[in-house]
Amino acid sequence: SSWSADGRFLLYFTIDPRTLEDLWVVPMLGARAPSVFLKTRFVEAIGAFSPDGRWVAYNQTNESGARDVYVRPFVPPSPQA
């Protein structure tokens, strides 16, 4: 759902029957191994990087009963060979 401004990361969501929608990130360098950005019992979807790449905004539903927007810091996953 979002590319980082520098093109190094792709943020997307997947659907899991147990945890509904979750946010994942995949680096475009190295092994390109996807890793979980946010996985809870609620729906997290439609993530977007901030212009400086330090934050991710996303929609979350189920927790409050409404579609709310949350923001959390983006910590790049450790590079893997």
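1. The chain carries 8 positive and 8 negative charges, whose mean positions are 5 Å apart. Lys and Arg are taken as positive and Asp and Glu as negative, while His and the chain ends are not counted. Each charge is placed at NZ of Lys, CZ of Arg, CG of Asp or CD of Glu.

2. The model is a predicted one, in which local features need pLDDT of at least 70 and side-chain atom pairs count only at pLDDT 80 or more, whereas totals for chains, interfaces and linings use all residues. Residues are numbered from 1 along each chain as its sequence is written, and side-chain values use heavy atoms, with hydrogens and water left out.

3. The secondary structure consists of 0 helices and 7 strands, in the order β-β-β-β-β-β-β from the N terminus. The radius of gyration is 13 Å, close to the 12 Å of the globule rule for 81 residues, so the chain is as compact as a globular protein of that length. Helices (H or I, at least four residues) and strands (E, at least two) are DSSP runs numbered from the N terminus. The radius is taken over C-alpha atoms, and the rule is 2.2 Å times the number of residues to the power 0.38.

4. The C-alpha trace spans about 40 × 25 × 15 Å along its principal axes. The accessible surface comes to about 5,100 Å², of which carbon and sulfur atoms hold 58%; areas come from the Shrake-Rupley method with a 1.4 Å probe, and for residues only the protein chains shown count as cover. Of the 81 residues, 33% count as buried, where buried means under 20% relative accessible area, exposed over 50%, and partly exposed in between (1.4 Å probe, protein chains only). Among contacts with a separation of 6 or more, 23% involve residues 24 or more positions apart; contact means heavy atoms within 4.5 Å.

5. Which residues form one aromatic cluster? The cluster consists of Phe9, Phe37, Phe49 and Phe74. A pair of aromatic rings is described by the distance of the centres and the angle of the planes. Rings of Phe, Tyr and Trp (its six-membered ring) pair if their centres lie within 6.5 Å; planes under 30 degrees apart count as stacked, over 60 as edge-to-face and the rest as tilted.

6. The whole structure holds 4 aromatic pairs. One of them joins phenylalanine 9 and phenylalanine 74 in an edge-to-face arrangement, at 5.2 Å centre to centre and 70 degrees between the planes. This pair links distant parts of the chain, with phenylalanine 9 in strand β2 and phenylalanine 74 in the segment after β7 (68–73), 65 residues apart. Both phenylalanine 9 and phenylalanine 74 are buried.

7. The rings of phenylalanine 37 and phenylalanine 74 have centres 6.1 Å apart and planes at 40 degrees, so this pair is tilted. Phenylalanine 37 belongs to strand β4 (residues 35–38) and phenylalanine 74 to the segment after β7, so the pair ties together parts 37 residues apart in sequence. Relative accessibility is 15% for phenylalanine 37, which is buried, and 8% for phenylalanine 74, also buried.

8. Valine 43, in strand β5 (residues 43–49), is buried at a relative accessible area of 11%. Its C-alpha atom is separated by 5.2 Å from that of threonine 61, 18 residues apart along the chain. Not counting residues up to four places away in sequence, valine 43 touches Leu20, Glu21, Asn59, Gln60, Thr61 and Asn62.

9. Aspartate 16 lies in strand β2 (residues 9–16). Is this aspartate 16 buried or exposed? Aspartate 16 is buried, with a relative accessible area of 12%. Beyond residues up to four places away in sequence, aspartate 16 touches Asp22 and Lys39.
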